[in-house]
Amino acid sequence: MANGWARDGAIQDQIDDTVKDAVLSARARLPIGGGAEYCDDCGEEIPKARREVLAGIRTCISCQSIRDRQMRTAGINRRGSKDSQLR
């Protein structure tokens, strides 16, 4: 069912694009390379179990929690919206 000027399936396309962007963003934030023995932020030792489970980890649990809280999300994907094309 179309809404106004939107074509059929436009809302589902927006949802699909939002999910795709979130997945790509999460993949980009995955740690790569060798992990650190000490936290990049506070200098505390990163527990061995954490280093073994998360390859490429660079922060301790406390500092990573702070980083996660500070991360902002993009919100709704409006690529398929007529309004976004008029800007």
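What percentage of the 87 residues of the protein count as buried? The share is 15%, where buried means under 20% relative accessible area, exposed over 50% and partly exposed in between (1.4 Å probe, protein chains only).

**Figure 1. Overview of the predicted model.** This is a predicted model in which local features need pLDDT of at least 70 and side-chain atom pairs count only at pLDDT 80 or more, while totals for chains, interfaces and linings use all residues. Residues are numbered from 1 along each chain as its sequence is written, and side-chain values use heavy atoms, with hydrogens and water left out. The protein has four helices and zero strands, in the order α-α-α-α from the N terminus on; helices (H or I, at least four residues) and strands (E, at least two) are DSSP runs numbered from the N terminus. The accessible surface is about 7200 Å², with 54% of this area belonging to carbon and sulfur atoms (Shrake-Rupley method, 1.4 Å probe; for residues, only the protein chains shown count as cover). Of the contacts between residues at least 6 apart in sequence, 31% join residues at least 24 apart, a contact being heavy atoms within 4.5 Å.

**Figure 2. Nonpolar patch on the surface.** The patch is formed by Ile11, Ile15, Val19 and Val23, which together have about 330 Å² of accessible area. Patch residues have over 30% relative accessible area and no salt bridge; like charges are joined within 9 Å and nonpolar side chains (Val, Leu, Ile, Met, Phe, Trp, Tyr) within 5 Å. Ile15 lies in helix α1 (residues 10-29) and is partly exposed, at 42% relative accessible area.

**Figure 3. The largest nonpolar core and the annotated region.** Six residues make up this core: Ala36, Cys39, Ile46, Ile57, Cys60 and Cys63. Such a core is a set of buried Ala, Val, Leu, Ile, Met, Phe, Trp, Tyr and Cys residues joined through side-chain atoms within 4.5 Å. Leaving aside neighbours within four places in sequence, Ile57 is in contact with Pro31, Gly35, Ala36, Ile46, Arg50 and Arg51. An unreviewed UniProt entry annotates residues 39-63 as "zinc finger region: dksA C4-type"; UniProt positions follow the numbering used here, feature names are shortened, and annotations may be inferred rather than shown by experiment. The end C-alpha atoms of this span lie 8 Å apart, and the span is 36% helix and 0% strand.

**Figure 4. Surroundings of Gly34.** Gly34 is found in the loop between α1 and α2 (48-53) and is exposed, with a relative accessible area of 55%. Not counting residues up to four places away in sequence, Gly34 touches Gly56 and Arg58. The C-alpha atoms of Gly34 and Arg51 are separated by 9.4 Å, although these residues are 17 apart along the chain.

**Figure 5. Salt bridges.** The whole structure contains three salt bridges, each a side-chain nitrogen of Lys or Arg within 4 Å of a carboxyl oxygen of Asp or Glu. In one of them, Asp40 pairs with Arg58, with the closest N and O atoms 3.1 Å apart. This pair links distant parts of the chain, 18 residues apart: Asp40 in the loop between α1 and α2, and Arg58 in the loop between α2 and α3 (61-70). Arg67 and Asp41 meet in another salt bridge (2.8 Å, N to O), which joins helix α3 to the loop between α1 and α2 across 26 residues. Glu52 is bridged to Lys48, at 3.8 Å between the closest N and O atoms. Because Glu52 and Lys48 are four residues apart in helix α2, about one helical turn separates them; both are exposed.
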